[in-house]
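Hi,

Have a look at it, then read on for my notes.

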Amino acid sequence: MEENNIFSEKIFNFEDRLVRFAGECIFFTRQLNKSFENEYYKNQLIRSSGSSSLNFGEAQGTISDKDFIFKLTLVVKELKESRNSLKILNYIKEGDENTRILLLKEVEELIAISSKMIINKK
């Protein structure tokens with residue numbers, strides 16, 4: 001990948017990475033061709049990527065480790081849903097190929113980070 005891409009700026013704050021991911025998913029979906037299929041996966045991707053960020057915000061306000069873990073499992077669930085939507089869009093070759101690949105790489109990293117946070121809290 002080229003060094004000058006949407007994720008070339010390193011962000012170490014997990015919440016900020018989730019926000020950037022959700023925002024970049026919105027930018028990506030704005031470029032998709034208008035069709036029934038694209039609208040469906042576009043809406044799914046916007047909801048799930050945004051929800052992962054919002055659920056992490058809720059996790060930060062939890063009182064117990066059990067609540068934190070529950071909210072983080074929702075983050076992972078939403079990220080996996082985002083990944084699946086991106087994989088489908090990738091399979092049908094919709095949207096900019098480079099952006100799709102970068103979004104898929106980022107979602108994998110976000111899933112790994114949030115899963116590790118759950119393991120560390122247990």
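First, the housekeeping. This is a predicted model, so to speak of a local feature I needed pLDDT of at least 70, and side-chain atom pairs count only at pLDDT 80 or more, while totals for chains, interfaces and linings use all residues. Residues are numbered from 1 along each chain as its sequence is written, and side-chain values use heavy atoms, with hydrogens and water left out.

**Salt bridges**

Side chains of opposite charge can pair when their charged atoms come close. My rule for a salt bridge is a side-chain nitrogen of Lys or Arg within 4 Å of a carboxyl oxygen of Asp or Glu. The count by that rule is nine.

Take Arg17 and Glu109, whose closest N and O atoms are 2.7 Å apart. Helices here are DSSP runs (H or I, at least four residues; strands would be E, at least two), numbered from the N terminus. Arg17 is buried at 12% relative accessibility, whereas Glu109 is partly exposed at 30%. For those words I use relative accessible area: buried is under 20%, exposed is over 50%, and partly exposed is in between (1.4 Å probe, protein chains only).

Next comes Glu58 with Lys71, a salt bridge with its closest N and O atoms 2.5 Å apart. Glu58 sits in helix α2 (residues 36–60) and Lys71 in helix α3 (residues 65–91), so this pair ties together parts that are 13 residues apart in sequence. Lys71 counts as buried, at 18% relative accessibility, while Glu58 is partly exposed at 44%.

Arg83 and Glu108 also form a salt bridge, and here the closest N and O atoms are 3.2 Å apart. That pair links α3, which holds Arg83, to α4, which holds Glu108, across 25 residues. Glu108 is partly exposed, with 34% relative accessibility. There is a network as well: salt bridges that share partners join Arg17, Arg20, Lys105, Glu106 and Glu109.

**How α1 sits against α4**

α1 and α4 pack at an angle of about 150°, and their axes are 11 Å apart. The axes are lines fitted to C-alpha atoms, for helices over the stretch in contact, with angles from 0 to 180 degrees between N-to-C directions. The two helices are therefore roughly antiparallel; that label needs an angle over 145 degrees, with under 35 being roughly parallel, 65 to 115 roughly perpendicular and the rest oblique. The crossing of α1 and α4 is left-handed, meaning the near helix is turned anticlockwise from the far one by less than a right angle (clockwise would be right-handed).

On the α1 side, the contact residues include Phe14, Leu18, Phe21 and Phe28, and on the α4 side they include Leu103, Val107, Leu110 and Ile113. Contact means heavy atoms within 4.5 Å. By class, this contact has 10 nonpolar, two polar and six charged residues. Ala, Val, Leu, Ile, Met, Phe, Trp, Tyr, Cys and Pro count as nonpolar, Asp, Glu, Lys and Arg as charged, and the others, Gly among them, as polar.

Arg20 is buried, with a relative accessible area of 14%. Leaving out residues up to four places away in sequence, Arg20 touches Ile6, Phe7, Glu9, Ile11 and Glu106. Glu24, also a residue of α1, is buried at 16% relative accessibility. With the same exclusion, Glu24 touches Ile6, Phe7 and Leu103. Glu24 and Leu103 are 79 residues apart in sequence, yet their C-alpha atoms are 7.8 Å apart in space.

The axes of α3 and α4 come within 9 Å and cross at roughly 160°. This pair is therefore roughly antiparallel, and its crossing is left-handed. The contact of α3 with α4 divides into 15 nonpolar, five polar and seven charged residues.

What is the phi of Lys93, in the loop between α3 and α4? It is positive, about 60°, although Lys93 is not a glycine. Most residues other than glycine have a negative phi. Lys93 is also exposed, with a relative accessible area of 62%.

Cheers
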